[in-house]
Amino acid sequence: MAILDRLTARVHPALALRRAVQLSVSGKAAEAFALMAIAARGGIVQAQYQVGRCYLEGMGVPPSHSEGARWLRRAADRGSPEAQVLLAALCVAGLAPQEIEAGSEGLFERNSSGEADFAAAFDLAQKAAEAGSATGQALLGYILNKGPRAMRDLDAAHGWYEKSAAAGCPEGCLGLALSLIRLRQPEQRTRIATELRRAADAGLPTAIYLLAVLAEHGIGVPADLDAAQRLYSEAAERGLAFAQFRLGLALIEGSLVDRDPVAGEAWLRRAALAGNVDAAHRLGELYASRPRRDFAEAAIWYRRAADGGHQPASRALASLYLSGNGVALDAEEGTRLLRSAAASGDRQAQVDLANLVLEGAGEPDDAVGVAGWFGATASSGDLVAAFNLGLCFAEGVGVGKDQERAARWMGRAAEGVAEAQYMYARMLQEGRGMAADQRQARVWFERAAKAGIVDAQVALAEMLYNGRGGERSVVAAAHLFKRAAAAGHAGAMFAIGVLYETGQGLSINQKAAQEWFAAAAERGHGHAQLMLGRYLSKGIAGDHDSAAARVWLERAAAHGLQEASDELAEI
């Protein structure tokens, strides 16, 4: 220490403080701290606060959480609003130490739990706020707004934000703007924009981001996409993760001004690495949906989002594990992820898990959970849930089999769910859970067929062909069979072959019949294999091939068709 500084320290703590300030301004942190510590030990409150900050920030002295807290507590106990605010902020962030012994001179240890101590923060912030600290007023408003439910008082919070903002505190301006947004009063939009502008001009990233939102949508300010993109960029550059996410999306989609997918992806990556789970999920979607899909990279980002509690990402990652795309095939892990997402209320995950359970996968408890989810949501009027609950009762998944209740729920779902219309028609046709009614079955098959359910098209065609539930129309049946066949339905292909062979609804054409039998046979249809084998064995359409006939008849016999076995014996 220089001679002047040693002499200053011996004269009076106030002189030591003054000299410490001069040295600090000159960039001589270590020398400044030595004199500041002398002033603090001499009882000067401002020096105690500064020493606490020096220890916390490692300015001129090795950082020490416990020493920093000790000096901040001394200054706070002696009425320093700055120390009270800083200590309160540390409590809110879960970074404040906890006293082992009572009293301001107690020992301290780091709060390893990382949990906010709102009670201590409230006491400290209230003292600072009542002493006139604008920052303390803003912090007290935040605690009253975001603290534990029992501590919340939104009206009081608004009042403290008003005082803080009136004093020009940027945090107070931001808090007041957010409080005004909560009130949902359209006439306050201009004031909201004004307060956000004041906070944004002070460099608060959240205020800059919110001002960008207003500029994008023309709320309280004229709509200005150029300004919105510029503000999003500024907030993103300042490290605000959700601004980085929004900017990334805008650049990828071109929803603001510039479209730059490469830069957009880079911003999404920065946001995801900063902990934004929506950005991580979107990156996974990008890699999974590109023309040259990269499921391995998609899985990495889905995992990051899923670990952060993003349920759609959990569902997407589950799909990769269940299909073995990008990750090792692992049905157990896939089911676990679906179970987690479903338990958190993700509706699509609940449906996906239900489908697995209906196929016999999952664990016994899953079935109970599936029925419970669908029961709760179906009772509130959700038709998809009603459909799935009907399946649970029909199959006995998580509940006892009950065809009457299955029919009741399926009938409710049929009002808006095409798959339910088909299933309800089947139940009416077969008399499951209610009296059989062929006419009503035909009505519901028709509705499902119009909605594109291929099995319903085939079922309706069969009813039309046989005249069940209404007039017979083989021409209409042939039309429906062709629609279903075009969608790859093997049974419809076989039916068209029969129509060409018999000339019902279609002109007799043995060649066309054989082609349709072949198409259905290749898809594993047993009766089509029998017919194709018969055609080739006897040369009905002009093609005689005993070897091929034997192959197809053997395949048909494997389905248990006695006719195929009999015709094999004749070859």
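Visitor: To start, is Ser164 buried or exposed?

Guide: Ser164 counts as buried, because its relative accessibility is 0%. Buried means under 20% relative accessible area, exposed means over 50%, and partly exposed lies in between, with a 1.4 Å probe and protein chains only. Please note that this is a predicted model, in which local features need pLDDT of at least 70, side-chain atom pairs count only at pLDDT 80 or more, and totals for chains, interfaces and linings use all residues. Residues are numbered from 1 along each chain as its sequence is written, and side-chain values use heavy atoms, with hydrogens and water left out.

Visitor: Where is the place of Ser164, and what does Ser164 touch?

Guide: Ser164 is placed in helix H9, residues 154-166. Helices here are DSSP runs of H or I with at least four residues, strands are runs of E with at least two, and both are numbered from the N terminus. Leaving aside residues up to four places away in sequence, Ser164 touches Ala134, Gln137, Ala138, Cys169 and Gly172. Contact means heavy atoms within 4.5 Å.

Visitor: A cysteine there. How many disulfides does the count come to?

Guide: The count comes to 0 disulfides, a disulfide being a pair of cysteine sulfur atoms within 2.5 Å. Cys169 is in no disulfide, and the nearest cysteine sulfur, that of Cys173, is 7.0 Å away.

Visitor: Changing topic: what is the phi of Arg184 near?

Guide: The phi of Arg184 is near 55°, which is a positive value in a residue other than glycine. Arg184 is found in the loop between helix H10 (170-183) and helix H11 (189-201), and Arg184 is exposed, with a relative accessible area of 75%.

Visitor: Now helix packing. At what angle do H4 and H5 pack?

Guide: Helix H4 (residues 45-57) and helix H5 (residues 65-77) pack at about 160°, and their axes are 7 Å apart. Axes are lines fitted to C-alpha atoms, for helices over the stretch in contact, and angles run from 0 to 180 degrees between N-to-C directions. H4 and H5 are therefore roughly antiparallel to each other. Angles under 35 degrees count as roughly parallel, over 145 as roughly antiparallel, 65 to 115 as roughly perpendicular, and the rest as oblique.

Visitor: Is the crossing of H4 and H5 left-handed or right-handed?

Guide: The crossing of H4 and H5 is left-handed. A crossing is left-handed if the near helix is turned anticlockwise from the far one by less than a right angle, and right-handed if clockwise. By class, the contact of H4 with H5 has 9 nonpolar, 4 polar and 2 charged residues. Ala, Val, Leu, Ile, Met, Phe, Trp, Tyr, Cys and Pro count as nonpolar, Asp, Glu, Lys and Arg as charged, and the others, Gly among them, as polar.

Visitor: And how far apart are the axes of H30 and H31?

Guide: The axes of helix H30 (residues 526-538) and helix H31 (residues 546-558) are 8 Å apart, with a packing angle of about 160°. H30 and H31 are therefore roughly antiparallel to each other, and their crossing is left-handed. The residues of this contact divide into 8 nonpolar, 5 polar and 2 charged.

Visitor: At roughly what angle do H27 and H28 cross?

Guide: Helix H27 (residues 474-486) and helix H28 (residues 490-502) cross at roughly 140°, and their axes come within 8 Å. That makes H27 oblique to H28. The contact is made by residues including Phe481 and Lys482 of H27 and Met493 and Ile496 of H28. By class, the contact of H27 with H28 has 10 nonpolar, no polar and 1 charged residues.

Visitor: Last one, H14. Is Leu247 buried or exposed?

Guide: Leu247, which is in helix H14, counts as buried, at 2% relative accessibility. Not counting residues up to four places away in sequence, Leu247 touches Gln229, Tyr232, Ser233, Ala236 and Trp267. Glu253 also lies in helix H14 (residues 241-253), but Glu253 is partly exposed, with a relative accessible area of 43%. With that sequence exclusion, Glu253 touches Arg259 and Arg282.
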